[in-house]
Amino acid sequence: MGWVDLYRGILFCDVLSGGDHPTLVGVPLPLPRRLVDRGAEVEGCPKANRGIAVLDGCLRMVELEVHGEILPTRDPETGHLDREIKNWELYMYTNSKITGAWEDWQLVHRVEASQINIDQAIHDSLLQPGLLRDKMQDGKERKLHNLLTSQPALSLDGEGVVYLLTKAKFMQRQAWVLAVDVKGNKILGLAEFGTDTYLGLSLAYCPSRISSYMDAWTSPDN
């Protein structure tokens with residue numbers, strides 16, 4: 001059993017160790033990239049930028065670092081201040097020792113959105129709902145690295161895959177989930193995801209293995 005503070009660390013409690021006093025072990029998490037790289041202040045809910053999971057006895061953490069700024073103009077659709085996203089990055093860490101030392105964490109993958117490979121089929125899927133825009137559309141080009149992304153979630157079924165909630169605009173009702181192969185540096189898929197209840201960057205979903213027990217070809221009537 002454990003309690004997680006995504007900015008600071010994890011407190012594990014071994015309730016199966018026996019005896020009257022369960023063992024407590026503290027495991028620190030890697031420092032936020034914005035603090036390490038730029039000395040920037042860390043604030044807000046960490047769930048928008050960090051995700052963690054245990055896979056095959058190994059702790060895995062992913063961090064999303066978004067580079068952008070809030071503009072003084074307001075979007076006519078949402079009524080909120082415009083966000084200009086210039087790029088975003090994903091950092092993936094692993095910890096197989098879990099001894100409580102900072103050195104246990106290893107940065108194993110880093111991918112930059114502007115360098116992610118997108119095949120033609122995925123590109124067309126991103127163009128259709130308006131996530132991406134060619135220069136021919138009002139002369140305003142929007143690429144993958146310009147999308148507003150948040151809530152990185154590690155896949156529980158495969159190593160190296162991260163799911164991201166993505167939107168074209170802040171507080172937009174329409175949203176999609178991107179599957180990013182961090183190891184292969186490519187987009188695996190895209191699915192529409194309703195966010196009427198969570199318009200901002202707060203938690204909108206939790207990872208689950210339920211899909212492993214479902215037959216994709218089985219309808220509710222069968």
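## Charges over aromatic rings

R33 lies over the face of Y91, and the distance to the ring centre is 4.5 Å. This is a predicted model, so please read that distance, like every value below, as computed from predicted coordinates. A second contact of this kind involves R83, whose charged end sits over the ring of F170 at 3.7 Å from its centre.

What does a search of the whole structure find for aromatic pairs? The count is zero.

Let us turn to strands β9 and β10. β9 covers residues 161–167, and β10 runs over residues 174–181. The two strands pair in the antiparallel sense, with six bridges between them. For Y163, the bridge partner is A179 in β10.

Together β9 and β10 form a hairpin, and six residues separate the two strands. M171 is found in this turn. Its phi is positive, about 65°, even though M171 is not a glycine.

## A salt bridge from the hairpin loop

The loop between β9 and β10 also holds K169. Which residue is the salt-bridge partner of K169? The partner is E77, and the closest N and O atoms are 2.8 Å apart. Because E77 lies in the loop between β5 and β6 (81–95), while K169 is in the loop between β9 and β10, the pair ties together parts that are 92 residues apart in sequence. K169 counts as partly exposed, since its relative accessibility is 26%.

## Other salt bridges

How many salt bridges does a search of the whole structure find? There are 10. One of them links the side chains of D5 and R8, at 3.1 Å from N to O. The two partners fall into separate accessibility classes: D5 counts as partly exposed at 28%, while R8 is exposed, with a relative accessible area of 62%.

E112 and R110 form another salt bridge, with their closest N and O atoms 3.3 Å apart. Here E112 is partly exposed at 24% relative accessibility, and R110 is also partly exposed, at 45%. Elsewhere, salt bridges with shared partners join R34, R38 and E65 into one network.

D56 is another residue to look at for its backbone: its phi is positive, about 55°, although D56 is not a glycine. Where does D56 lie? It is in the loop between β4 (50–55) and β5 (58–74). D56 is exposed because its relative accessible area, 81%, is over the 50% cut-off.

V15 counts as partly exposed, because its relative accessibility of 48% falls between the 20% and 50% cut-offs.

Terms used. Residues are numbered from 1 along each chain as its sequence is written. This is a predicted model: local features need pLDDT of at least 70, side-chain atom pairs count only at pLDDT 80 or more; totals for chains, interfaces and linings use all residues. Side-chain values use heavy atoms; hydrogens and water are left out. Buried means under 20% relative accessible area, exposed over 50%, partly exposed in between (1.4 Å probe, protein chains only). Helices (H or I, at least four residues) and strands (E, at least two) are DSSP runs, numbered from the N terminus. Two strands pair if DSSP finds at least two bridges between them. Rings of Phe, Tyr and Trp (its six-membered ring) pair if their centres lie within 6.5 Å; planes under 30 degrees apart count as stacked, over 60 as edge-to-face and the rest as tilted. A charge sits over a ring if NZ of Lys or CZ of Arg is within 6 Å of the ring centre and within 35 degrees of the ring normal. A salt bridge is a side-chain nitrogen of Lys or Arg within 4 Å of a carboxyl oxygen of Asp or Glu.
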